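Subject: Structure handover

Hello,

Here is the structure I promised to pass on. Please open it beside this email and follow along.

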Amino acid sequence: MACWPGSSLLTFFLLVLSGLRAQAQESVKPCSADKSLGGKIEITSEWIENGCRGSIRAVLRFPLIPRTPQVIGKTAIPWTAQLASTFTAPEVNYELSTSGCSGMTANNEETCHAPGGGKSGKAILGKMGPLGFSTDPHGPGSLTFNPLRPEISALLALQANRDASTPLECVAVPGHSGSGKSRWQFGFMGLSIGPLGPSCTPATAEALDYKNPFVICIPPSDCSYPTDETSRLECIVHSDRHAIIPFSGESSWTSPRASDPYHQGIRSYTVHWEICCGCDEKPGPQVHLVDPEPQKQYTFESNNPGTLEVKFKAEVTPATPDSLQKMQDKVLFKMGTIGNAKMEWDPANPGGKPAIEGDFLTAKLKFTGLPVKNDDFGEKKVELLVDGTTMETVPVKIFFPKLAFNHPGGKSTDPNWFYYWQEGNVCGIAPTDIYDGPHGGWGYSKPSLDSIVRLCVLGPMANSGPEGYNSRNAYGSLTVTGVGKGIKCVAETLEHERHHILIYQTYHQAIAGDPKLDVDGDEITAQGEGTLDGIKSDPANGDTFNMGGNYSSYGDNEVRCREVERKLTIKYFPEKDWANPGCQTLPEPYGP
C-alpha cells in the first residue's frame with residue numbers, strides 16, 4: 001500500500017471531489033457512535049494428522065477504523081474518502097477451540113487420540129497516530145477490510161504455538177511398535193477473502209495445505225478491478241455508492257483427498273464472515289459441548305438387562321451464575337436411539353434439560369436392555385440444542401460386551417458375540433450353526449451326522465497360526481493355520497470345520513463302498529491324497545506330517561483344514577463388529 005503524506009492525501013481527495021461533486025449520491029452511511037463498524041469471522045474446519053481426525057473452530061471479533069486519519073489539521077476527511085481507503089482492526093478478540101481428534105494411522109498400526117481444548121484472548125494489532133494507523137511490530141499481524149473491492153485480509157498468527165495445542169498420542173496396536181507423542185494444534189493462521197481475478201484465482205483458493213491461510217475467492221464488484229481511469233475515479237469519488245457494507249457471506253470447501261487415508265492436513269472447512277455496524281459486539285453467554293468428545297466409546301454393562309449411561313457436560317462462557325441460569329433455560333441435550341433399548345433421562349434432566357453443576361450444564365441419560373439387532377450398535381449422534389436449534393453435533397460409538405450373556409434374543413446360553421455376529425452376518429456364522437460353551441477349543445463339526453458347525457469358547461479369540469509340521473521324509477513340510485483374531489478367527493474356524501464336512505461329503509460314500517480306497521483311515525482316498533488342496537500326503541499314513549496326539553489317525557485331513565484357514569474365503573466385516581473388545585474399539589482394537 002502506498003504511503004501518502006497527510007496533506008497530499010487530503011489534497012488528492014478534495015481535488016477529485018471538487019470536479020465531480022455534483023454526481024454525489026450517498027448510499028452507505030457512517031455507523032452510529034454506539035454501533036461502530038466491526039466484523040466477525042467464524043471458521044469451522046476438519047483436519048487429519050497421522051490418521052487422527054478432528055475439528056477446529058476459530059471465532060474472531062474486531063472493530064474497524066479507517067487506516068488514514070479522520071482529521072488532518074483542522075479538516076475532517078470526508079466519509080467517501082474513508083470508504084475509498086482501507087479500514088483496519090486495532091485489535092482482535094479471538095476464541096480458538098478444538099474437539100480433539102481420534103483415529104487410526106493409514107497402515108492400521110497405531111491408534112491416535114488428542115483431547116479437546118480451547119484458548120481465547122485479545123490481540124493488539126496497532127494504534128492510530130497523527131499520520132494514520134501504525135501496526136504493532138511485535139503483534140501477531142494485521143487485519144484489514146477494503147469495502148470497494150470488497151476484500152478482507154487477516155494476516156494473523158494467533159496462538160500459533162504450544163499454547164493452542166493439546167497432546168496427541170499414538171499407541172501401537174498389539175503386534176506392532178512405533179508409538180509416539182506430538183501436538184494437535186488449533187491456532188488461527190490467516191484468512192484472505194477477495195474478488196476473483198488477478199489477485200485471487202481458483203487455483204490459489206484450492207492451494208490450501210496444512211494450517212496455511214484460508215483463501216476464498218468471491219464474485220468481483222464493479223470496483224474490484226476498474227478497467228480505466230474514469231471507472232477508477234468513479235469508484236473513489238462516489239465510494240459511498242459502490243462500497244459494500246454490510247459485507248457478509250459463507251463459503252465451504254472439501255478437499256478432493258478428504259477420503260484418502262494417507263492424506264495429511266485439512267479435509268474441509270466452512271467460513272462465515274460479517275462486516276457491519278456493531279458486528280464486533282460479543283453476543284450473550286455462549287455454550288460449548290465438552291463431554292462426550294467426538295468418537296467417545298460406550299459399552300453396555302454385563303448385567304441383565306444391560307445398562308449404559310451417557311453423561312453430558314457443556315461449558316458456559318462466561319461461567320457466571322446469571323449466565324448459567326440463562327443458558328439452562330435455553331439448552332437441551334439430545335441423543336439418537338439405540339434400537340429398542342429403553343431410553344430414560346435422569347429425573348433431574350427431563351427431556352434432556354440440563355442441571356447446573358459447578359461451572360457446567362450437565363445431564364444423564366440411561367439406556368436399559370441391549371438392542372435386538374447388531375446394526376443398532378455403532379455410531380450415534382449427540383446434539384447440543386439452544387432454543388431448539390442444533391448448535392453442536394458429536395458422533396459417539398456404542399458397543400456390546402463381547403463375552404457377556406445379556407443379549408435379548410436367541411438362546412440365553414449363547415454369548416453376545418455369537419448372537420450378534422450371527423444375527424448381523426458379521427463373519428459367516430450360518431443360521432444353523434450353534435454355540436457349544438462346555439466344549440473347549442475353537443469349534444468342531446460332526447460330518448457324519450450333520451453340516452452344523454459348533455463354535456466354542458476360543459472361537460472369538462486368537463487363532464494359533466502360523467504352525468509348522470514336517471513329514472521328515474520326501475513329503476516335506478507345511479506351514480498352516482490362520483492368524484486371525486476376533487471375527488477373523490471365527491471365520492477361519494468356520495472355514496476349517498466346513499472343509500472337514502466337504503471332505504467327508506466328497507469321499508465318504510466311495511470309501512464306504514470300497515474301504516481299500518482309504519487304507520490309512522483319514523477319510524481321504526489315495527487319489528485325493530495326491531492333489532487335494534495342493535497338498536501331497538502319504539496314502540498309507542494318516543498323519544504324514546506328524547501332527548500327533550488326537551490327530552495321529554487323521555492328521556492328513558486336519559492339516560488340509562488348517563491350510564484352508566490361510567486361504568480364507570468366508571467374508572468378515574470389521575466395520576460391522578461392535579463387540580468390546582473388537583475391531584473398532586480404541587485405542588487397542590481386537591482383530592481382525
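H242 touches P147, L148, D222, C223, E234 and C235, leaving aside its neighbours within four places in sequence; contact means heavy atoms within 4.5 Å. H242 lies in helix α5 (residues 239-242). Helices (H or I, at least four residues) and strands (E, at least two) are DSSP runs, numbered from the N terminus. H242 counts as buried, at 15% relative accessibility. Buried means under 20% relative accessible area, exposed over 50%, and partly exposed in between (1.4 Å probe, protein chains only). R149 is 93 residues from H242 along the chain, yet their C-alpha atoms are separated by 9.0 Å.

Some ground rules. This is a predicted model, in which local features need pLDDT of at least 70 and side-chain atom pairs count only at pLDDT 80 or more, while totals for chains, interfaces and linings use all residues. Residues are numbered from 1 along each chain as its sequence is written, and side-chain values use heavy atoms, with hydrogens and water left out.

V382 is found in strand β27 (residues 378-386). V382 is buried, with a relative accessible area of 0%. Setting aside neighbours within four places in sequence, V382 is in contact with L289, P292, F312, K334, M335, E392, T393, V394 and V396. L458 is 76 residues from V382 in sequence and 36 Å away in space, C-alpha to C-alpha. F214 lies in strand β17 (residues 214-218). F214 is buried too, with a relative accessible area of 6%. From F214 to N416 the chain runs 202 residues, and their C-alpha atoms are separated by 49 Å.

Now the aromatics. A search of the whole structure finds 17 aromatic pairs. Rings of Phe, Tyr and Trp (its six-membered ring) pair if their centres lie within 6.5 Å; planes under 30 degrees apart count as stacked, over 60 as edge-to-face and the rest as tilted. F312 and F333 form a stacked pair, at 5.2 Å centre to centre and 25 degrees between the planes. F312 lies in strand β22 (residues 307-317) and F333 in strand β23 (residues 331-335), so the pair ties together parts that are 21 residues apart in sequence. Both F312 and F333 are buried. F300, F377, F400, Y419 and Y420 form one aromatic cluster.

How many residues of helix α7 are buried? Six of the eight residues of α7 (residues 416-423) are, so the helix is largely enclosed by the rest of the structure. They are N416, W417, F418, Y419, Y420 and W421. These buried residues pack against β28 (389-401), β29 (434-435), β31 (453-455), α8 and β34 (579-580). Just after α7, N425 takes a positive phi of about 50 degrees.

On to a helix pair. The axes of α8 (residues 487-513) and α9 (residues 555-566) come within 8 Å and cross at roughly 140 degrees. Axes are lines fitted to C-alpha atoms, for helices over the stretch in contact, and angles run from 0 to 180 degrees between N-to-C directions. The two helices are therefore oblique to each other. Angles under 35 degrees count as roughly parallel, over 145 as roughly antiparallel, 65 to 115 as roughly perpendicular and the rest as oblique. From α8, the residues E492, E495, H496, H499, H500 and I503 meet N557, E558, R560, C561, R562, V564 and E565 of α9. The residues of this contact divide into three nonpolar, four polar and six charged. Ala, Val, Leu, Ile, Met, Phe, Trp, Tyr, Cys and Pro count as nonpolar, Asp, Glu, Lys and Arg as charged, and the others, Gly among them, as polar.

Last, the backbone. The peptide bond from T317 to P318 is cis, with omega near -5 degrees. P318 sits in the loop between β22 and α6 (321-328). Another cis peptide bond joins N580 and P581, with omega about 5 degrees. P581 belongs to the segment after β34. Q295, a residue other than glycine, has a positive phi near 70 degrees. Q295 is found in the loop between β20 (286-291) and β21 (296-299), and counts as partly exposed at 26% relative accessibility. D533 has a positive phi near 60 degrees. D533 is in the loop between α8 and α9.

Best wishes
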